[in-house]
Amino acid sequence: MRNKFDEQLTILHDMLIEMGAMIEKAITLAIEALVKQDKAMAKQAIAVEEDIDHMEKEIESMCLRLLLQQQPVARDLRLISAALKMITDMERIGDQAADISEIAIYLIGETYIKKLEHIPQMAAATSKMVTESIEAFVKMDLKLANSVIEYDDVVDKLFYTVKSDLIELIQADSANGQQAMDLLMIAKYFERIGDHAVNIAEWVVFSLTGRRVSE
């Protein structure tokens, strides 16, 4: 029975890795669409979000089967419960990548009021956080999970830099206002992606220790 359970856990891990790869792809396409003003890339990111939704449902079904058929106890129960919570955050990250892509489409044809420097850095940082939080779950790596939580400070600092720069541009010329607000919203979405990655890492900590970091 245990061997069967372990086999199913391996499948669960593989599905989470696949979903994580989809999220990384969505984030990459979204930021590339913004930087290059590429409508096709933006639409691809939006399409990937639909695949992420489908994968969430598949993983949810897998977790429920494990709970009902295997009747796991203690640590195994925490692990499956954590996976169920994680995919909710993962799905929301996909939504936010799609939201960024929709704004990118809206901005196509406009000359950017500022060179896009810190927003792509936010994209890279949040993508790293998502990948490493899922890796921490699969490898049961508590140290890696905690490093993801700490790394959120990098994303927060970048957000405040973007916010400060855009406020200065608005103060210098009110005509910059609309685009500045759109870019600030994109930065805010990336900040939220970082927050969701932190949530995932905190569920990894819970699965390994039985406690939430925020408690």
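The model is predicted. Its largest nonpolar core has 76 residues, and helix 6 gives the most to this core.

**Helix packing**

- Two packed helices are described by the angle between their axes and the distance between the axes.
- Helix 3 spans residues 74-107 and helix 6 spans residues 177-209; their axes come within 9 Å and cross at roughly 170 degrees.
- Helix 3 is therefore roughly antiparallel to helix 6, since angles over 145 degrees count as such.
- The contact of helix 3 with helix 6 has 22 nonpolar residues, along with eight charged and seven polar ones.

**Nonpolar core**

- Among the 76 residues of the largest nonpolar core, those that touch the most other members are L12, L16, L34, I59, I119, I186 and F190.
- At least two residues of this core come from each of helix 1, helix 2, helix 3, helix 4, helix 5 and helix 6.
- The contribution of helix 6 is 17 residues, the most to this core.
- Leaving aside residues up to four places away in sequence, I119 touches I31, L34, V162, L183, I186, A187 and F190.
- In soluble globular proteins, nonpolar side chains tend to be buried together.

**Aromatic pairs**

- The count of aromatic pairs comes to two.
- One of them joins F159 and Y160: the ring centres are 5.6 Å apart and the planes stand at 65 degrees, so the pair is edge-to-face.
- F159 counts as buried because its relative accessibility is 6%, whereas Y160, at 51%, counts as exposed.
- W203 and F206 also form an edge-to-face pair, with 5.4 Å from centre to centre and 85 degrees between the planes.
- Both W203 and F206 lie in helix 6, three residues apart, which is about one turn of the helix.
- W203 has a relative accessibility of 15% and counts as buried; F206 has 18% and also counts as buried.

**Loop residues with positive phi**

- Most residues other than glycine have a negative phi.
- Q37 is not a glycine, yet has a positive phi of about 55 degrees.
- Q37 is found in the loop between helix 1 (2-36) and helix 2 (39-70), and its relative accessibility of 26% makes it partly exposed.
- M140, likewise a residue other than glycine, has a positive phi near 50 degrees.
- The loop that holds M140 lies between helix 4 (118-139) and helix 5 (142-172).
- With a relative accessible area of 34%, M140 is partly exposed.

Definitions and conventions
Residues numbered from 1 in each chain as written. Predicted model: local features only at pLDDT ≥ 70, side-chain atom pairs only at ≥ 80, totals over all residues. Heavy atoms only, no water. Axes fitted to C-alpha atoms, helices over the stretch in contact; angles between N-to-C directions. Helix = DSSP H or I, 4+ residues; strand = E, 2+ residues; numbered from the N terminus. Parallel < 35°, antiparallel > 145°, perpendicular 65-115°, else oblique. Nonpolar A, V, L, I, M, F, W, Y, C, P; charged D, E, K, R; others polar. Buried < 20%, exposed > 50% of the residue type's maximum accessible area, 1.4 Å probe, protein only. Core = buried A, V, L, I, M, F, W, Y, C linked by side-chain atoms within 4.5 Å. Contact = heavy atoms within 4.5 Å. Phe/Tyr/Trp six-rings, centres within 6.5 Å; stacked < 30°, edge-to-face > 60°.
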